[in-house]
Amino acid sequence: MIRRPPRSTPSNSSAASDVYKRQKEIESGFIEVKKVSKLIETTLELEPGELSTLSLAKQLRINEVLVDETLGRIAAKIVGLIPKGTLYVLLKNLRLRKITFDDFLYILNSLIESGFRLKEEIYIKVIEEAKKI
């Protein structure tokens, strides 16, 4: 489930804010921390987080994995996983009525404002798809 971010944070630093939010989500049980027993082997140069994500998905026998970066998505397919992205999660939560269309737009635009890269044509396409829901 995606929740609208709080409007105020305990610190002006976005990094400190993110750490604070993740810690609260871990404490509440919304996020569960798991350790990877063995990293998958790949010739692709993945970021540590992507490599851990794919490895943990394989370890837990989870077929779908949340990954947005192109290289991570390619690696996921190579190791037999089904990559899903942030936009998929937003649309799924909209379909499940966990968020409203206004929430969808707010979250999408907040992601972009915070550095989430999205081509203009994809932005338009995902909003058109959201309007149909």
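## Basis of the model

Because the model is predicted, local features need pLDDT of at least 70 and side-chain atom pairs count only at pLDDT 80 or more, while totals for chains, interfaces and linings use all residues. Residues are numbered from 1 along each chain as its sequence is written, and side-chain values use heavy atoms, with hydrogens and water left out.

## Overall layout

The chain contains 6 helices and 2 strands. Helices (H or I, at least four residues) and strands (E, at least two) are DSSP runs, numbered from the N terminus. Read from the N terminus, the order of elements is α-α-β-α-β-α-α-α.

Of the 133 residues in the chain, 25% are buried. Buried means under 20% relative accessible area, exposed means over 50%, and partly exposed lies in between (1.4 Å probe, protein chains only). The accessible surface of the chain is about 9,700 Å², and 52% of it belongs to carbon and sulfur atoms. Accessible areas come from the Shrake-Rupley method with a 1.4 Å probe; for residues, only the protein chains shown count as cover. Among contacts (heavy atoms within 4.5 Å) between residues at least 6 apart in sequence, 35% join residues at least 24 apart.

Which residues of H3 are buried? They are Gly72, Ala75 and Ala76. They lie on the same side of H3, because they cover an arc of only 105° around the axis; the arc is that of the directions from the helix axis to the C-beta atoms. The cover over the buried residues of H3 includes H2, S1 and strand S2 (82-84). Gly49 lies in helix H2 and counts as partly exposed, at 44% relative accessibility.

On the face of H3 turned away from its buried side are the exposed residues Thr70, Lys77 and Ile78. Ile78 also belongs to a nonpolar surface patch with Leu71 and Ile74, and together the three have about 270 Å² of accessible area. Patches are made of residues with over 30% relative accessible area and no salt bridge; like charges are joined within 9 Å, and nonpolar side chains (Val, Leu, Ile, Met, Phe, Trp, Tyr) within 5 Å. Leu71 is in helix H3 (residues 70-78) and is partly exposed, because its relative accessibility is 34%. Just after H3, Gly80 has a positive phi of about 85°.

## Salt bridges

How many salt bridges does the whole structure hold? The search finds 4. A salt bridge is a side-chain nitrogen of Lys or Arg within 4 Å of a carboxyl oxygen of Asp or Glu. One of them joins the side chains of Lys34 and Glu32 (3.3 Å, N to O). Lys34 is partly exposed at 41% relative accessibility, whereas Glu32 is exposed at 62%.

Another joins Glu69 and Arg117 (3.0 Å, N to O). This pair links distant parts of the chain, 48 residues apart: Glu69 is in the loop between S1 and H3, and Arg117 is in the loop between H5 and helix H6 (120-132). Arg95 and Glu129 also meet in a salt bridge (2.9 Å, N to O). Here Arg95 in helix H4 is linked to Glu129 in helix H6, 34 residues apart. Arg95 is partly exposed at 44% relative accessibility, and Glu129 is partly exposed at 32%.

## The aromatic pair

The structure has 1 aromatic pair. The rings of Phe101 and Phe104 have centres 6.3 Å apart and planes at 20°, so the pair is stacked. Rings of Phe, Tyr and Trp (its six-membered ring) pair if their centres lie within 6.5 Å; planes under 30 degrees apart count as stacked, over 60 as edge-to-face and the rest as tilted.

Both residues lie in helix H5, 3 residues apart, about one turn of the helix.

## Two arginines in loops

Arg61 is not a glycine, yet has a positive phi of about 60°. Arg61 sits in the loop between helix H2 (48-59) and strand S1 (64-66) and is exposed, at 74% relative accessibility.

Arg97 has a positive phi near 65°. Its place is the loop between helix H4 (86-95) and helix H5 (101-113), and Arg97 is exposed at 75% relative accessibility. Arg97 and Ile133 are 36 residues apart in sequence, and their C-alpha atoms are 9.4 Å apart in space.
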